[in-house]
Amino acid sequence: MAFLYLSAATSSNITTQNHGTCMRAYPYDFALFHPGYFCSTCRFAKPARSKHCPICKACVQRQDHHCIWINNCVGRNNYLWFNLLIVATAALLAYGARLGYVLLDARLQERLVPSALTRGSVSSKRWSTGLSWAEYWHCWAWAISVEWRVGSVMMLTMLSFPLATGFLVYHAYLVWAGMTTNESAKWSDWREDIRDDLVYRARISQLRETYPKLPDDVEPRDEDIRSPWPRGARAKWWLVRMVDGRQPTLRKKGENGKEGVGEGAGNEGNEEVPDERWAKVHSLREVDNVYDLGFWANLKDSMLNRG
Ligand SMILES: [Zn+2]
Ligand SMILES: [Zn+2]
């Protein structure tokens with residue numbers, strides 16, 4: 001109940017007050033999160049790993065998913081509580097199922113092999129010995145209907161246990177892979193686009209000549225990314241998806257001497273040439289996940305790096 005309360009009551013929303021620190025919590029990976037995008041509702045520059053939630057009516061830091069059970073977004077500040085909640089829920093369900101089984105099994109033993117007859121001898125047989133499967137389940141149906149309060153709770157916990165455990169295993173996998181639920185969906189979009197030959201990458205250091213860094217409040221400087229995020233974990237590659245699958249182009253030097261893309265470049269006499277800095281990505285394996293620091297570091301970051 002404590003973890004349920006903490007999960008539901010802890011907000012990871014981005015506000016005017018905390019927007020600056022949210023921007024400096026994680027670096028942009030230039031794959032799933034690029035600098036220079038603004039939330040059309042909140043009017044904030046979108047921090048890396050954030051997502052706007054229409055139900056919470058806010059941008060949410062390191063948004064994982066909106067959870068209907070806690071009526072709140074699972075994000076940077078309550079991911080710890082959410083995970084403790086599913087651990088506790090899975091443990092309680094396992095305990096409930098086991099307890100119900102033990103109680104009803106004892107009831108069946110008492111009914112079918114009464115201790116009055118066996119005098120509690122340890123060598124007395126189990127009630128299920130020698131029964132066919134049909135008879136075995138028939139006995140259980142009897143026990144559940146006679147002890148319906150214990151029986152119904154036992155069935156509920158047995159059926160719900162795999163759900164909670166599945167959730168737990170999935171989040172353990174996400175931590176291992178250094179992803180949020182939101183990011184795992186984005187990665188599968190990229191996987192599809194790579195398969196469709198639409199994706200190119202280029203070294204950020206090379207691209208900076210043509211695409212200079214944005215202002216600090218929209219794209220924080222690398223050295224301003226806040227600890228505990230490690231200094232070395234920064235994006236090296238810039239990923240783009242091209243709708244037509246063709247290599248990005250660069251405007252060749254025209255007669256007016258201007259180079260580059262955008263409004264600054266003159267149109268007359270300029271010619272679009274393939275930009276050789278961009279190379280096609282053939283597999284998701286060629287792409288780094290900047291947010292994956294290794295299992296233990298991911299675990300520490302996802303649970304303890306809170307705003
Ligand atoms: Zn928003
Ligand atoms: Zn939400």
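The exercises below treat a predicted model, and each task is followed by its solution.

**Exercise 1.** Determine which residues coordinate the zinc ion (ligand 1) and how they are spaced in sequence.

*Solution.* Step 1: the donors are Cys39 (SG), Cys42 (SG), His52 (ND1) and Cys59 (SG), at 2.0 to 2.3 Å. Step 2: along the sequence, these donor residues follow the spacing C-x2-C-x9-H-x6-C. Step 3: Cys39 belongs to the loop between helix H2 (19-23) and strand E1 (51-53), whereas His52 belongs to strand E1, so the pair ties together parts 13 residues apart in sequence.

**Exercise 2.** Classify the arrangement of the donor atoms around the zinc ion (ligand 1).

*Solution.* Step 1: four donors count as tetrahedral if all angles lie between 85 and 135 degrees. Step 2: the 4 donor atoms subtend angles of 103 to 123°, and the arrangement is therefore tetrahedral. Step 3: for comparison, the ideal angle for four tetrahedral donors is 109.5 degrees.

**Exercise 3.** Describe the site of the zinc ion (ligand 2).

*Solution.* Step 1: Cys53 (SG), Cys56 (SG), His66 (ND1) and Cys73 (SG) coordinate this ion at 2.0 to 2.3 Å. Step 2: the angles of 103 to 118° make the arrangement tetrahedral. Step 3: Cys56, in the loop between E1 and strand E2 (58-60), and Cys73, in strand E4 (residues 72-74), are 17 residues apart and link distant parts of the chain.

**Exercise 4.** Is Cys39 buried or exposed? Treat His52 and Cys73 likewise.

*Solution.* Step 1: buried means under 20% relative accessible area. Step 2: Cys39 has 5% relative accessibility and therefore counts as buried. Step 3: His52, at 16%, also counts as buried. Step 4: Cys73 is buried, with 2%.

Notes. Residues are numbered from 1 along each chain as its sequence is written. Chains are lettered from A and ligands numbered from 1 in the order in which they are written. This is a predicted model: local features need pLDDT of at least 70, side-chain atom pairs count only at pLDDT 80 or more; totals for chains, interfaces and linings use all residues. Side-chain values use heavy atoms; hydrogens and water are left out. Donors are N, O and S atoms within 2.8 Å of the metal (3.2 Å for Na, K and Ca); water is not among the atoms, so sites may look incomplete. Four donors count as tetrahedral if all angles lie between 85 and 135 degrees; four count as square planar and six as octahedral if opposite donors are over 155 degrees apart and all others between 65 and 115; anything else is irregular. Helices (H or I, at least four residues) and strands (E, at least two) are DSSP runs, numbered from the N terminus. Buried means under 20% relative accessible area, exposed over 50%, partly exposed in between (1.4 Å probe, protein chains only).
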